[in-house]
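These are my notebook entries on a single structure. I set out to record what I looked up, one topic at a time.

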Amino acid sequence: MFNWMKKAALAGMITLCMVGSAAHARSGDRGEQDEQFYCGERSLGHWFYCRTEEEEEAEPQASVDPSTMSRSQLLESAEEFRQRLEEQRLLAVWAPTQENVQVYQEMQWQATMRAATFSDQWRRNTWGNSELDYTVQRPVAQYARHEWLDQRGLEMDDALEHMSDNYGLFYFFRSDCPYCQRFSPVLRGFADRYGVEVRAISVDGGPMPSFPGARRDEGQFARLLAGQPAVVPAVLLLNTETNEPQWITFGLVSGQELAERIFVSMTREVGEDY
């Protein structure tokens, strides 16, 4: 008797589950029909929780493992999203309804999150690869920056102290130039400190107290300028072994800046010091 009752109860439960599933399926069918009627035929809009095509497109898609996609698929997907984002931006600006702006905001949020992930991965790659970390060459921490500058100063002094072995300077000025009057003592101090020969040339033939032995310009300035504007004061670095000239400055600069430019020009290839 007891076993019979258990079997009857179990059969009843199975029947109820089957009926419930069928009812749920019919309810789902009615729901889809109702949504089509209210949202499609009557176009009642978001007040009846109807979603536009743009909103459906903007909904977050199921995450896809990039490793399962080919390069061409990844590029195609990225380009498709970029085009949809730009189109939605134009639509939101031109017709800034609540729906249009919100759809663009949602799409922009997706782009922002991808950018954040990109930025995070970028810094992690930098941490783990010294070749990608520029701070290894130019530290930014204050105490490390001070040490870098100290070492740079020692290297610069050593190079400039031996500068006269292979280099010399040409200095072009005008006696009536107030900037030349200011700069000449700076250049004189640099030359005396490092024992560098400076050939001073007066463009207008007038004197300069810091360089009493200056020569008059006989056209050298124009030839070396090769069509550039004649700006003074001007300093040119000459490699005495190769006779290769290189302009260091046009106009007034500080003594530290002058030393830095000469040091870099002598010891660094283009692009090496960045």
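**Entry 1: A definition to begin with**

I began with a term that I needed later: a residue is buried when its relative accessible area is under 20%, exposed when that value is over 50%, and partly exposed in between. I also noted that this is a predicted model.

**Entry 2: The chain as a whole**

I looked up the secondary structure and found 8 helices and 5 strands in the protein chain. Read along the sequence, their pattern is α-α-α-α-α-β-α-β-β-α-β-β-α. I then turned to burial: 25% of the 274 residues of the protein chain count as buried. Among contacts with a separation of 6 or more, residues 24 or more positions apart account for 60%.

**Entry 3: The sheet**

In what order do the strands of the sheet stand? I found an open sheet of 5 strands in the order β3-β2-β1-β4-β5, and the pairing is mixed. Strands β3 (215-216) and β5 (244-250) stand at the edges with a single partner strand each, so one side of each has no neighbour in the sheet. I reminded myself that strands of a sheet pair through backbone hydrogen bonds, in either a parallel or an antiparallel way.

I next examined one pair. Strand β4 (residues 234-239) pairs with β5 in the antiparallel sense, over 6 bridges.

**Entry 4: Helices on the sheet**

I looked up which helices meet these strands. Helix α8 (residues 255-267) packs on the sheet and touches β1, β4 and β5. Its direction makes about 155 degrees with that of β5. Helix α6 (residues 178-194) lies across β1 (167-173), β2 (198-202) and β4, and runs at about 165 degrees to β1.

Is V235 buried or exposed? With a relative accessible area of 0%, V235 is buried. In the sheet, V235 stands opposite T249 in β5.

I then listed its contacts, leaving aside neighbours within four places in sequence: L169, F170, Y171, F183, L187, W247, I248 and T249.

**Entry 5: Two packed helices**

I recalled that two packed helices are described by the angle between their axes and the distance between the axes. For helix α3 (residues 71-94) and helix α4 (residues 98-128), the angle is about 145 degrees and the axes are 9 Å apart. Their crossing is left-handed.

Which residues of α3 and α4 meet? From α3 there are F81, R84, L85, Q88, R89, L91 and A92. From α4 there are N100, V101, V103, Y104, M107, Q108, Q110 and A111. By type, the residues of this contact divide into 9 nonpolar, 4 polar and 2 charged.

**Entry 6: Salt bridges**

I recalled that side chains of opposite charge can pair when their charged atoms come close. How many salt bridges does the structure hold? I found 11.

I looked at E260 and R152, which form a salt bridge with their closest N and O atoms 2.6 Å apart. E260 lies in helix α8 and R152 in helix α5 (residues 142-161), so this pair ties together parts that are 108 residues apart in sequence. R152 counts as buried because its relative accessible area is 8% and the cut-off is under 20%. E260, at 22%, counts as partly exposed.

I moved on to R193 and D157, whose side chains meet in a salt bridge at 3.5 Å, N to O. R193 lies in helix α6 and D157 in helix α5, so the pair ties together parts 36 residues apart in sequence. R193 is exposed at 59%, and D157 is partly exposed at 25%.

A further pair is R261 and E257, with a salt bridge of 2.8 Å, N to O. Both residues lie in helix α8, 4 residues apart, which is about one turn of the helix. R261 is partly exposed at 30%, and E257 is partly exposed at 32%.

Lastly, I noted a network of salt bridges that links D120, R123 and R124.

Terms used:
Residues numbered from 1 in each chain as written. Predicted model: local features only at pLDDT ≥ 70, side-chain atom pairs only at ≥ 80, totals over all residues. Heavy atoms only, no water. Pairing = 2+ DSSP bridges. Helix = DSSP H or I, 4+ residues; strand = E, 2+ residues; numbered from the N terminus. Contact = heavy atoms within 4.5 Å. Axes fitted to C-alpha atoms, helices over the stretch in contact; angles between N-to-C directions. Left-handed = near helix turned anticlockwise from the far one by under 90°. Nonpolar A, V, L, I, M, F, W, Y, C, P; charged D, E, K, R; others polar. Salt bridge = Lys/Arg side-chain N within 4 Å of Asp/Glu carboxyl O. Buried < 20%, exposed > 50% of the residue type's maximum accessible area, 1.4 Å probe, protein only.
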